Amino acid sequence: MIAARSAIIRLGIGAVSPFAVVVGCYLLFAGHNNPGGGFAAGLVFGAVFALRTIAGLHRPAHGIAWVAVGALLVAAVSVLPLLWRDVLLDQYVLAAELPLLGAVKAGTSLIFDLGVAAIVIGVVLAVLDGLGATELATDQTPPARRSVPE
């Protein structure tokens with residue numbers, strides 16, 4: 001595949017990946033008050049992993065484990081309020097005053113969004129594994145040579 005053999009593509013994807021991860025983190029944390037959240041962040045992270053797979057760069061493995069961990073986080077955050085006789089999916093917010101950041105609030109919806117992002121990432125990784133993208137990216141067979149008439 002051309003992406004695995006092209007140094008420009010590998011360098012470009014390697015250079016852009018950290019910026020895309022920052023955008024994904026912004027979507028994850030800003031998703032409570034603005035459009036975005038766990039699903040949008042998971043799609044951005046999944047796109048980064050897909051591009052890194054095609055370019056033959058390192059990416060996480062075990063997509064099913066990502067889905068399982070995400071589902072456990074979502075289930076725990078959803079059902080935990082029932083133990084305190086609250087409604088299903090009730091949110092708890094913790095506020096703290098940090099020295100450099102000032103007032104910081106975080107709620108259980110952040111953990112829920114982390115679980116959703118893990119599920120989306122896991123599905124993308126599982127689809128990539130199912131389509132054989134890892135083998136496609138590492139395929140180093142040279143392109144067919146054209147015969148030139150003499």
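These are my notebook entries on what I looked up in this structure.

**Ground rules.** I am reading a predicted model, in which local features need pLDDT of at least 70 and side-chain atom pairs count only at pLDDT 80 or more, while totals for chains, interfaces and linings use all residues. I number residues from 1 along each chain as its sequence is written, and the side-chain values use heavy atoms, with hydrogens and water left out.

**Overall layout.** I began with the elements, where helices (H or I, at least four residues) and strands (E, at least two) are DSSP runs, numbered from the N terminus. The protein chain has six helices and two strands, and I read their order from the N terminus as α-α-α-α-β-β-α-α. I then looked up burial, for which buried means under 20% relative accessible area, exposed over 50% and partly exposed in between, with a 1.4 Å probe and protein chains only. Of the 150 residues in the protein chain, 31% are buried. For the surface I noted accessible areas from the Shrake-Rupley method with a 1.4 Å probe, where for residues only the protein chains shown count as cover. The protein chain exposes about 10,000 Å², and carbon and sulfur atoms supply 72% of that area.

**Contacts along the chain.** A contact here means heavy atoms within 4.5 Å. Among contacts in the protein chain with a separation of 6 or more, I find that 63% are between residues 24 or more positions apart. As an example I looked up Leu57, which lies in the loop between α3 and α4. Leaving aside residues up to four places away in sequence, Leu57 touches Arg10, Ile13, Gly14 and Arg52. The C-alpha atoms of Leu57 and Ile13 are separated by 8.7 Å, although the two residues are 44 residues apart along the chain.

**Salt bridge.** I searched the whole structure for salt bridges (a side-chain nitrogen of Lys or Arg within 4 Å of a carboxyl oxygen of Asp or Glu), and the search finds one. It joins the side chains of Arg59 and Asp129, at 2.5 Å from N to O. Arg59 lies in the loop between α3 (38-54) and α4 (63-83) and Asp129 in helix α5 (residues 108-130), so the pair ties together parts that are 70 residues apart in sequence. I noted that Arg59 is buried at 12% relative accessibility, whereas Asp129 is partly exposed at 37%.

**Aromatic pair.** Rings of Phe, Tyr and Trp (its six-membered ring) pair if their centres lie within 6.5 Å, and planes under 30 degrees apart count as stacked, over 60 as edge-to-face and the rest as tilted. My search of the whole structure gives one aromatic pair. Trp84 and Tyr92 form this edge-to-face pair, with 6.2 Å centre to centre and 75° between the planes. Trp84 is exposed, at 54% relative accessibility, while Tyr92 is partly exposed, at 32%.

**Nonpolar patch.** Patches are made of residues with over 30% relative accessible area and no salt bridge, with like charges joined within 9 Å and nonpolar side chains (Val, Leu, Ile, Met, Phe, Trp, Tyr) within 5 Å. I found Val69, Leu73, Ile111 and Leu114 forming a nonpolar patch on the surface, with about 300 Å² of accessible area together. Both α4 and α5 supply at least two residues each to the nonpolar patch. I checked Ile111, which is in helix α5 and is partly exposed, at 37% relative accessibility.
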